[in-house]
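My notes follow in the order in which I took them.

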Amino acid sequence: MNTQSCDIVIQGGGPVGLACAAWILQKLPDAKLTLVDRNPNNDADLKVGDSRGIALSHGSKLLLETISAWPKDYAEIHRVHVSQAGRFGRALMTREELNQSALGHIVRYHDIHLALRQVLRIIQEKSPHFQWLHVNDEIFNTSQAKCIVHAEGGLFKTQDWVESGRDYGQSALVGLVEVEKAAPHQAWERFTAEGPLAILPSHYGPNILNLVWCGSPESSQYRLQLSDADFLASLQTEFGSRIGKFLKVQNRRLYELGLNYRKEIIKGTEVWIGNAAQTLHPVAGQGLNLGLRDSFLLAEKLSRVFAGSTDEQSPTQIHSALEEYAQSRKADRTATIGLTDFMARIFTSNLAPIVFARGLALSALQWLPPVKTALARQMMFGRR
């Protein structure tokens, strides 16, 4: 069988594409499914690849556990402290308030990627019509496929599409920092004059933390080139002394930040999911979580269509199923994109009225538990 004779083609072998394939095959092992993966078959390069700490919500953990794809190395977040540098207003969210075992988790990107590849290899053994093609720059004629799922992903400004969105004029400097006295399972989100500065747990231990420092491209490039000692001094000045002294930094890298999103995520019998549908600012840690929800719900729709008779797999029927999928994702996409975009813009403005309003908003979160709970549940589980 080749890609031209299969029912479903998934283009993209990142976490979202892999998860979608795994969920479809879990529900429908006989699916005629082809995954077109630009990554090599061997895992060696991925093991030393992207080591960014990615925020995964508790909802994403529950989804990945349904296919036994939850990585073994991760750090739990039990408390999140949100504040403005040098301004009034703060909020503290805890797992106890939401009656959850954790507010979220921090996992290295390549650990998520590898866990999903390993799970899909196991599922592949029981899926006789599944093809996993590892390619480089070859282009496949998928015109005979009944349904095409675009999960190519990519980072902002590396994608070959721009439909709607904005360039925030920011870069994220990420890395690992060692600190003096961090409390276990504590995450910090501190809003500075240039953008959010996040200090997040890691599985390396309570005193080695993930850093995400957003700022202008010029400032971020300057910080990237600083000596370790000068960088740590600058970070200490910006963050403060809540977790003691910053002792070491490693693995500094830059990523440009912006918003891309498709207004329409289906066209005929084609559908776009994950970063192929929307690329978000990391301020609320929602990008991959939204993509995994895309994958899970799309897999439900497609597995039902292709479990039926050939007559039930006409272009009209498939398009109808995709329309249902798009409608089911509308509220979650709109809320998550809107919330992330609002936070990315409102927390980078230094206009006095906005700074004051931010302080009031953070104080309101702290003193109005129902509002704080609603926001936290949106970030943990999405809009339902």
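**Notebook: a first look around**

I began with His281, which I found in the loop between strand E17 (278-279) and helix H8 (287-306). I kept in mind throughout that this is a predicted model. Is His281 buried or exposed? With a relative accessible area of 1%, under the 20% limit, I noted His281 as buried. I then looked for a polar partner and found that the side chain of His281 makes a polar contact with the side chain of Gln170, at 2.7 Å. Setting aside the neighbours within four places in sequence, I listed the contacts of His281 as Tyr168, Gln170, Pro196, Cys214, Leu257, Gly258, Thr340 and Ala344.

Next I turned to Leu209, which has its place in strand E13 (residues 208-215) and is buried, its relative accessible area being 4%. I checked its distance to Ile199, ten residues away along the chain, and read 6.4 Å between the two C-alpha atoms. Beyond four places in sequence, the residues in contact with Leu209 include Leu176, Val177, Ile199, Pro201 and Ile243.

I went on to the cavities and counted two of 30 Å³ or more. The largest cavity holds about 120 Å³ of space, and of the 18 residues that line it, I wrote down Ser51, Arg52, Gly53, Leu176 and Asn210 as the closest to its centre. Which strands each supply at least two residues of this lining? I found strand E7 (104-108), strand E10 (164-179), E13 and strand E14 (246-261), and I recalled E13 as the strand that holds Leu209.

I then searched for disulfides and found zero in the structure. Cys6 is in none, for the nearest cysteine sulfur, that of Cys147, is 9.8 Å away, and a disulfide would need the two sulfur atoms within 2.5 Å. Cys147 is likewise in no disulfide, with the sulfur of Cys20 as the nearest one at 8.7 Å. I noted both cysteines as buried, Cys6 with a relative accessible area of 1% and Cys147 with 0%.

Last, I checked helix H5 (residues 109-124) by its length: at 1.5 Å a residue its 16 residues should span 22 Å, and the end C-alpha atoms are 23 Å apart, so the two values agree. I also looked up which of its residues are buried, and recorded among them His110, Asp111, His113, Arg117, Val119 and Ile123.

How values were computed
Residues are numbered from 1 along each chain as its sequence is written. This is a predicted model: local features need pLDDT of at least 70, side-chain atom pairs count only at pLDDT 80 or more; totals for chains, interfaces and linings use all residues. Side-chain values use heavy atoms; hydrogens and water are left out. Helices (H or I, at least four residues) and strands (E, at least two) are DSSP runs, numbered from the N terminus. Buried means under 20% relative accessible area, exposed over 50%, partly exposed in between (1.4 Å probe, protein chains only). Contact means heavy atoms within 4.5 Å. A polar contact is a pair of N or O atoms within 3.5 Å; within protein, one must be able to donate a hydrogen and the other to accept it, and residues adjacent in sequence count only if both atoms are side-chain atoms. The expected span of a helix is 1.5 Å times one less than its number of residues. On a 1 Å grid over the protein atoms alone, a cavity is a set of points where a 1.4 Å probe fits but cannot get out, and a pocket is an open set with protein on both sides within 12 Å along at least five of seven lines; lining residues have an atom within 4 Å of a point. Grid points are joined across faces, edges and corners, and a volume is the space filled by probe spheres set on the points.
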